[in-house]
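Hi,

Here is the structure I promised to pass on. Have a look at it first, then read my notes below.

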Amino acid sequence: MDHPTTDTIAVIDFGGQTAQLICRRIREQGVYCELVPWNAPPERIAALNPKGFVLSGGPDSVYDAGAPTLQPTILASGLPVLGICYGMQLLAHDLGGAVAASAHREYGSAEVELDGGVTLFNDLPHHIAAWMNHGDRVEALPPGFRSLGHTDNSPYAIMGDIDRGYYAVQFHPEVAHTPQGAKLLRNFVRGICGCDGDWTPAHFIATTLQELRAQIGTDRVLVALSGGVDSSVMAALVHQAVGDRMMALFIDHGLLREGERLDVEALCRDLEIPCRTVDAADTFLGALAGVDDPEQKRKVIGETFIRVFEREAAAVGAFRYLAQGTLYPDVIESASSSDTAAAHKIKTHHNVGGLPDDIEFEIIEPLRFLFKDEVRAVGRELGLPEPTVQRQPFPGPGLAVRHLGAVEPEGLAVLRAADQIVRHEIERAAPGLGDEAPWQYFAVLTPIRSVGVMGDQRTYGRMVAVRAVTSTDGMTADWAKLPHALLGRIANRIVNEVHGVNRVVYDITSKPPGTIEWL
């Protein structure tokens, strides 16, 4: 899909771990942006028709051999530029300043004193807390620049060439540890770049429907429906675009949660979307037999999905397109070479990096550049039922990525039962949890067995882990501080009601360093 026809900011990715958060914070200002690799072809950047550029942070030094560089076309464009951390150092280096290793590496919170009254600082206090993470720093400003802010360790924590619209900060305004960072980014994209802030769910829907109709024409579309919010919103969009020339195909791969199949079929009836359910549990479980490597699991599931789709599509008639509910976090984490070449692959998503090369369909991904909360907003605008819009994320590979080790039917039965208890207890308690109500929560079946005592007899049972996190977009997450009483009820019920389990543990790892899913 092409980018929306609205004001756009290009975020140039130099490999920083929080580069995607820059996009997220800019979009919160109602301004569309995309993350573009630093070495992307100039025509790709030009195709965005940006009104300004943000240069992300990165792990390199500007003097390292092979370090990412700044494309000359960016400065030649005459558009405003905001450099962040490595982006600041690169801007200074390319424009005639000096960058050197700092005598004291700055990592963590620092107080920045703002030295000038400029548009970038509108509605900001004179001192702000900011998150630093750098070893190099700017030692001499390029011609035309002046200092706009400093810390005890960085004389040029902020610099700017006001006439040319070039600004740079040594800290990271995109992270939560810089409380005023969102205002600073807003001042740049709205005040300096002149973006209108008109990128809304309604605008996205109108633009996407127009693009879908132009791309699909009179052809037919097969929609990969899982019942989750992503695929449901995607199916509703495609249905609005092409009507009865689409069919939703729901593959029951045997890796669903308890009652999931019935919920998906009821959703299709409510949305009046034509849907065909295929029972392919034996096919998937056969393909997964003996596979315990998580990356291989995802690839097996991705290829099996496509093969089942091809088989079922042939049975119901010719389809040219396959529509998927791929989101921006999927693309970023899979580090597709066409999207973020500077990033490291974290894991393969079955609907991105796990697809085989010889696909018979042309893939359509209308949500490819949206974050999860943006999808929910689009779903509400489309009129989807609130339970569907608010449904917690569930991975495409299903319980296969929550069943550590090789997937087997007995383990799946244990996992389903434990997961149902986790979801039931947390959902029952959610109204009283306030801000600590988790964004995602589930059970994980581990391969660990431990000794226990039940009914005065020794047991050697399975260990189940409980995972619950708070988040807004899935790119970062913190473990949910659930009340001890709630965790106690969950553990007691699992041990007493799920045969073969005698130990329950709670995962208190944030993302990063962990991921939300265990596999």
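**A helix pair and a sheet**

On one side of the contact between helices H6 and H12 are Pro 201, Ala 202, Phe 204 and Ile 205 of H6, and they meet Ala 377, Val 378, Glu 381 and Leu 382 of H12. Sorted by type, the residues of this contact come out as seven nonpolar, one charged and no polar. Keep in mind that this is a predicted model.

How do the two helices cross? The axes of H6 (residues 201-216) and H12 (residues 372-382) come within 9 Å, with a crossing angle of roughly 80°. Angles of 65 to 115 degrees count as roughly perpendicular, so H6 is roughly perpendicular to H12.

The other thing I looked at is a sheet. It is open and has five strands in the order S12-S11-S10-S13-S14, with parallel pairing. Which strands stand at the edges? Those are S12 (275-279) and S14 (362-364); each has a single partner strand, so one side of each is left without a neighbour in the sheet. On average, neighbouring strands here are turned by 30° against each other, ignoring direction.

Further in, S10 (residues 221-224) and S11 (residues 246-252) run parallel and are joined by four bridges.

Cheers

How values were computed: Residues numbered from 1 in each chain as written. Predicted model: local features only at pLDDT ≥ 70, side-chain atom pairs only at ≥ 80, totals over all residues. Heavy atoms only, no water. Axes fitted to C-alpha atoms, helices over the stretch in contact; angles between N-to-C directions. Parallel < 35°, antiparallel > 145°, perpendicular 65-115°, else oblique. Contact = heavy atoms within 4.5 Å. Nonpolar A, V, L, I, M, F, W, Y, C, P; charged D, E, K, R; others polar. Pairing = 2+ DSSP bridges.
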